[in-house]
Amino acid sequence: MTTDVEAVPDAELVMAVTRGDTAALAVLYDRHAAVVYRAAFRRSGDRQLAEEVVQDVWLTLWDRAAMFDPGQGSLAG
């Protein structure tokens, strides 16, 4: 991974997550957690539930990062 984490594409960060790189997971969290939270909150109207959704999404990413295929779409999608 390069030193300028802002320049690292999501797909490269996900590959780092498959190798157990928690820093890469943190970068992805910083980039995308707010969007996931807003979507979950808009859908549910419940802050606690939205926070749980964010936690579940990142746990799933950690557990299943190897399943991500950038040819099928973006991580944000």
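H32 is buried, with a relative accessible area of 15% (buried means under 20% relative accessible area, exposed over 50%, and partly exposed in between, with a 1.4 Å probe and protein chains only). The structure is a predicted model, in which local features need pLDDT of at least 70 and side-chain atom pairs count only at pLDDT 80 or more, while totals for chains, interfaces and linings use all residues. Residues are numbered from 1 along each chain as its sequence is written, and side-chain values use heavy atoms, with hydrogens and water left out.

The protein chain contains three helices and zero strands, in the order α-α-α from the N terminus on. Helices (H or I, at least four residues) and strands (E, at least two) are DSSP runs, numbered from the N terminus. For 77 residues, a compact globule would have a radius of gyration near 11 Å, and the 13 Å of the protein chain agrees with this. The radius is taken over C-alpha atoms, and the globule rule is 2.2 Å times the number of residues to the power 0.38. The C-alpha trace spans about 40 × 25 × 20 Å along its principal axes. Of the 77 residues, 23% count as buried. Among contacts (heavy atoms within 4.5 Å) with a separation of 6 or more, 44% are between residues 24 or more positions apart.

Helix 2 covers residues 22-44 and bends by about 50 degrees at H32. The bend at a residue is the angle between axes fitted to the seven residues ending there and the seven starting there. The buried residues of helix 2 are A24, L25, V27, L28, H32, A33 and A40. Their cover includes helix 1 (10-18) and helix 3 (47-64). An α-helix has 3.6 residues a turn, so residues three or four places apart point the same way.

Leaving aside neighbours within four places in sequence, H32 is in contact with D10, W58, L75 and A76. R31 also lies in helix 2, but R31 is partly exposed, with a relative accessible area of 25%. With neighbours within four places again left aside, the contacts of R31 are V5, E6, A7, V8, P9, D10 and L13. R31 and E6 are 25 residues apart along the chain, and their C-alpha atoms are separated by 9.0 Å.
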